[in-house]
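Let's take a walk through this protein together. Have a look at the chain first, and then we'll go through its insides.

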Amino acid sequence: MLAPLLVTSLLALPGCLAQSFTLTDTYSGSNFFNKFNFFTGGDPTAGWVHYVDYNTALSTGLIPNANNPLWGVDHTNVLDPGNPAGRPSIRISSQKTYNHGLFIADVEHMPDSTCGLWPAYWFLGQTGTWPNSGELDVIEGVNNGHTNLISAHTKSGCTISGSGQTATLQTNDCAVPDGTTGCSSSDPRTNSYGSGFNAQGGGVYAVDWTSADIRVWFFPRSAIPASISSGNPNPQADFGTPTAVFGGSCNIDAMFFDMAIVFDTTFCGQWAGQVYQGQGCPMYNGQASWPSCVTYVAQNPNAFTQAYWEINYIKVFQQTGGAVEHVVLPSAVPSLMSNVTVASVAMGRPTGAHA
């Protein structure tokens, strides 16, 4: 009788109720672009980029097919590096904003590891001035880099510990010194970003955002958890140790709220431009009066044929049922609870930041 009594006792504890998730939003196929707004303003990160609207993107081939979530940058035209408009590209933000949720993004292809590039998949708060309602960068890197930097930017008062994750903590204060550096962790796996990511068919990024913390996982295409593949994601059951965790001394609900899903691909700017030379990218050594990064991006359109995003789907789930977030059961319990499911609830900009 010990096992039934133990199960009953555990489920009777406050916050230890079995949990489940309900699918609330799907971004895929022909409905994908309809659920996003196209940003056409100047790049807040000072990138050499010209963000275009939906109709322009479609007519110029940046979006090859309106029914397929695949989009890239202009890779045809040789441009004048003296033109501040920059190379045409796309930045989109979801029309819907979120407070908590489990976000599963199946990404088939992302912009590759190419000098001048700065792509990102991220979440951005829509209330107040940046970073008043937070920023979470899920996929981000620059130039010919091959590893992913997972970061957050907040107002003052949020620090993370870096414990309980597989990525390497880089900075722990999400507001140091003014929100531009943020808190970040680097995933050492070379298949988590850019060309290495694309070479193995992409993969899945999962974000579990609760009041307790925000957890991020990356799964290569060959290692996607069964619960994700079945359409019933269960972080507690088969996601394993998170790649990155944003928790510690941070009031999540006060720091991250009303956030939209964002994708963009910019060039050079406050991060890619500043570390361009240090990453061994082509230098022009005075042959042009413009920065080498901008000159390279302007004069080498063929370098950006692989600078495109292709998304199989983004699915957003919300928790149903009451439970304490991220319940961890004693090691002896799982064998006694084979039929009981317990699930989870629900940038680092070294030199710049999205806003």
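What follows covers the nonpolar cores and then the disulfides.

A quick note before we start: this is a predicted model, where local features need pLDDT of at least 70, side-chain atom pairs count only at pLDDT 80 or more, and totals for chains, interfaces and linings use all residues. Residues are numbered from 1 along each chain as its sequence is written, and side-chain values use heavy atoms, with hydrogens and water left out.

Let's begin with the inside. A nonpolar core here is a set of buried Ala, Val, Leu, Ile, Met, Phe, Trp, Tyr and Cys residues joined through side-chain atoms within 4.5 Å. Buried means under 20% relative accessible area, while exposed is over 50% and partly exposed is in between (1.4 Å probe, protein chains only). The largest such core holds 49 residues, and F32, W71, F246, I261 and F263 are the ones with the most contacts inside it. Its biggest contributor is strand β17, residues 309-320, which supplies four residues. (Strands are DSSP runs of E, at least two residues, and helices are runs of H or I, at least four, numbered from the N terminus.)

Now for the cross-links. A disulfide is a pair of cysteine sulfur atoms within 2.5 Å, and a search of the whole structure turns up four. How do they pair up? Number the bonded cysteines in sequence order and you get 1-7, 2-5, 3-4, 6-8.

Take C158 and C250, joined with an S to S distance of 2.0 Å. This pair ties together distant parts of the chain, 92 residues apart: C158 is in the loop between β10 and β11, and C250 is in the loop between β15 and α6. Both cysteines are buried, and the link is left-handed, with -95° about the S-S bond.

C268 and C293 make another disulfide, again with sulfur atoms 2.0 Å apart. Its torsion is about -95°, so this disulfide is left-handed. C268 lies in the loop between β16 and α7, whereas C293 is in helix α8. Both are buried.

Finally, C174 and C183 form a disulfide. Here the torsion is about 85°, so the link is right-handed. C174 is buried, with a relative accessible area of 1%, and C183 is buried at 0%.
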